[in-house]
Amino acid sequence: MNKFELGIVDTRNIIKMLQDVYDYDFKNYALTFFKRRVENFIRTHNLKNADLFIQRIEKEQEIFESFLEFMSVDKTEMFRDPSVWRLLKDELLGTLIPGATNFKIWFPEVSSGEELYSMAILLKKLNLTQNVRFYASSISELNIEKIKSGLFDPRKIEVNNANYKRIFSEGELSDFYNQENEKAFWDTSLIENTKFIKQNIIFDDYPKGIKLIVFRNQMIYYNQILQERFLKIIHNCLVPGGHLIIGNNEKIDYWNSDKDYITVSKSESIFKKKLS
Amino acid sequence: MYKAVVIGGSAGSFQVITKMLMSLPKNFPIPVLLCLHRLKHVRSGFVEALSIKSGIPIIEPYDKDNIKPGIGYLAPSNYHMYIELNKRIALSTEEPVNHSRPSIDLTFETAAQAYRDKLIGIILSGANRDGAYGLKKVKQLGGTAIVQDPNECQVKTMTEASLKLTSVDHIFTTQQIINFLLNLK
């Protein structure tokens, strides 16, 4: 019952190693989260302690890649918070996309891909895919490969279906995936119009002229310093009048939110960048 | 001397919680951290229901909110709620623990690390073992561990699992818990 626990000195050493060896700077991740994630990784990979973790990751790029995959947390389910997706479906997307040329949607950390596939399915159902282009960034190459392959965990089918039914009265979620034995795959033609961007924690390569940013439940893993840096990047990427969607219990207060954004929906955390 | 109280239970402990919150004075000297198992698709309504009779304001915090005395922080549905060492709330969508998100173990464990011997942990009536490990951490790090008297609980799984794992400081009825909290200075 006693779990492995990481001390504060070990945590600092690990952060330093990741910075020195791989140029990934985790020091502005939320500390509780980072510590817990490393502890879980050490446990599931049988690495026993911080020293062994450091030794192995330093030497083996492969383990480092699985660590990055582990650090970009699962967004847990398709159409998480159905009320957000209902609002997108019934009000927002139908007014934003028709008539727009080159409607760029950016997922600054696409992690396990549920948000990308949810959006792709929603647009397909609304018949709005034509002018849309997706940009999906992630710190993890393994995640990007997994998303491209369409693979997802079939144990999630039940909750995914339940969410789908809360949004759409017609059709089935299974119209968009295939299940073979123990495995399930999304229809990857849904995301054929996606540009994947592998990057470090802080972006040097990010898309411009974005009209919608979906960045839900990712800033929660950062401390305020990193949150602020991300919000600055987001502000630069978003066109005037562009929209930003964050998680239900996330906020953009640090950034001059009142000056720069109009709240479109407080309950669903949707904001619109002011025109000037 | 205490700096926070953390309370865990399931939807079945709603009445007990309501009764406790009702008794708290407006100027209750420390924050109340609440982690209750709840339906994940019912996002609204719960915090409002708890607030109606509560003596202190009850909120579902935003990520990185500062934790303040005299406020009740309810873990939002479908998120884990951690306490950061700098006494801020941190939310997470990581995998469920003990089939639960929010998980009582995680809120208790991180609260224990943040408040150490200045923390009171209280486990109420509940239907699974989530919370037992967390309460053990509270006790291990010097905090005060309290379990609701199982004879009073509709569902005893949570309290009995906690008692099995930890030699707690007090086994209290609802009224005794309230008296204990009201005597805090």
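These are my notebook entries on what I looked up in this structure, which is a predicted model.

**Entry 1: chain A as a whole**

I began with chain A and found that it has 10 helices and 10 strands. I then looked up its radius of gyration, which is 19 Å and close to the 19 Å that the globule rule gives for 276 residues, so chain A is as compact as a globular protein of that length. Taken along the principal axes, the C-alpha atoms of chain A fill a box of roughly 55 × 50 × 30 Å.

**Entry 2: the two domains of chain A**

Next I turned to how chain A is divided, and I noted domain 1 at residues 8-71 and domain 2 at residues 82-273. The C-alpha centres of these two domains of chain A lie 27 Å apart. Where they touch, 13 residues of domain 1 of chain A are in contact with 13 residues of domain 2 of chain A. I asked myself which helix gives the largest share of the side of domain 1 of chain A that touches domain 2 of chain A. I found that helix α4 of chain A, residues 61-71, gives that share, with five residues. Sorted by class, the side of domain 1 of chain A that touches domain 2 of chain A has seven nonpolar, two polar and four charged residues.

**Entry 3: helices α4 and α7 of chain A**

I stayed with α4(A) and looked up its packing against helix α7 of chain A, residues 141-149, where the angle is about 70° and the axes are 7 Å apart. That angle makes α4(A) roughly perpendicular to α7(A). From α4(A) I listed A:E65, A:S66 and A:E69, which meet A:E141, A:L142 and A:N143 in α7(A). By class, I noted one nonpolar, two polar and three charged residues in the contact of α4(A) with α7(A).

**Entry 4: the open sheet of chain A**

For the strands, I traced an open sheet in chain A that is formed by seven strands in the order β6-β2-β1-β7-β8-β10-β9, with mixed pairing. At the edges I found β6 (194-198) and β9 (261-265) of chain A, each with a single partner strand, so one side of each is left without a neighbour in the sheet. From one strand to the next, the twist averages 20°. I then followed one pairing inside this order, that of strand β8 (residues 238-246) of chain A with strand β10 (residues 270-273) of chain A, which run antiparallel and are joined by three bridges. Here I noted that A:I245 stands opposite A:I270 in β10(A).

**Entry 5: where chain A meets chain B**

Between the chains, I found 17 residues of chain A in contact with 18 residues of chain B. Helix α2 of chain A, residues 31-44, gives the most to the side of chain A that touches chain B, with three residues. I recorded this side of chain A by class as seven nonpolar, six polar and four charged residues.

**Entry 6: helices α3 and α4 of chain B**

Last, I looked up a helix pair in chain B, where helix α3 (residues 104-115) and helix α4 (residues 132-140) pack at an angle of about 10°, with their axes 7 Å apart. How do these two helices run, roughly parallel or roughly perpendicular? The angle makes α3(B) roughly parallel to α4(B). Among the residues of α3(B) in this contact I noted B:I104, B:F108 and B:A112, while those of α4(B) include B:Y133, B:L135 and B:V138. By class, the contact of α3(B) with α4(B) has six nonpolar, two polar and three charged residues.

Terms used
Residues numbered from 1 in each chain as written. Chains lettered and ligands numbered in written order. Predicted model: local features only at pLDDT ≥ 70, side-chain atom pairs only at ≥ 80, totals over all residues. Pairing = 2+ DSSP bridges. Helix = DSSP H or I, 4+ residues; strand = E, 2+ residues; numbered from the N terminus. Axes fitted to C-alpha atoms, helices over the stretch in contact; angles between N-to-C directions. Parallel < 35°, antiparallel > 145°, perpendicular 65-115°, else oblique. Contact = placed C-beta atoms within 7 Å. Nonpolar A, V, L, I, M, F, W, Y, C, P; charged D, E, K, R; others polar. Domains from an automatic or database assignment. Rg over C-alpha atoms; globule rule 2.2 N^0.38 Å.
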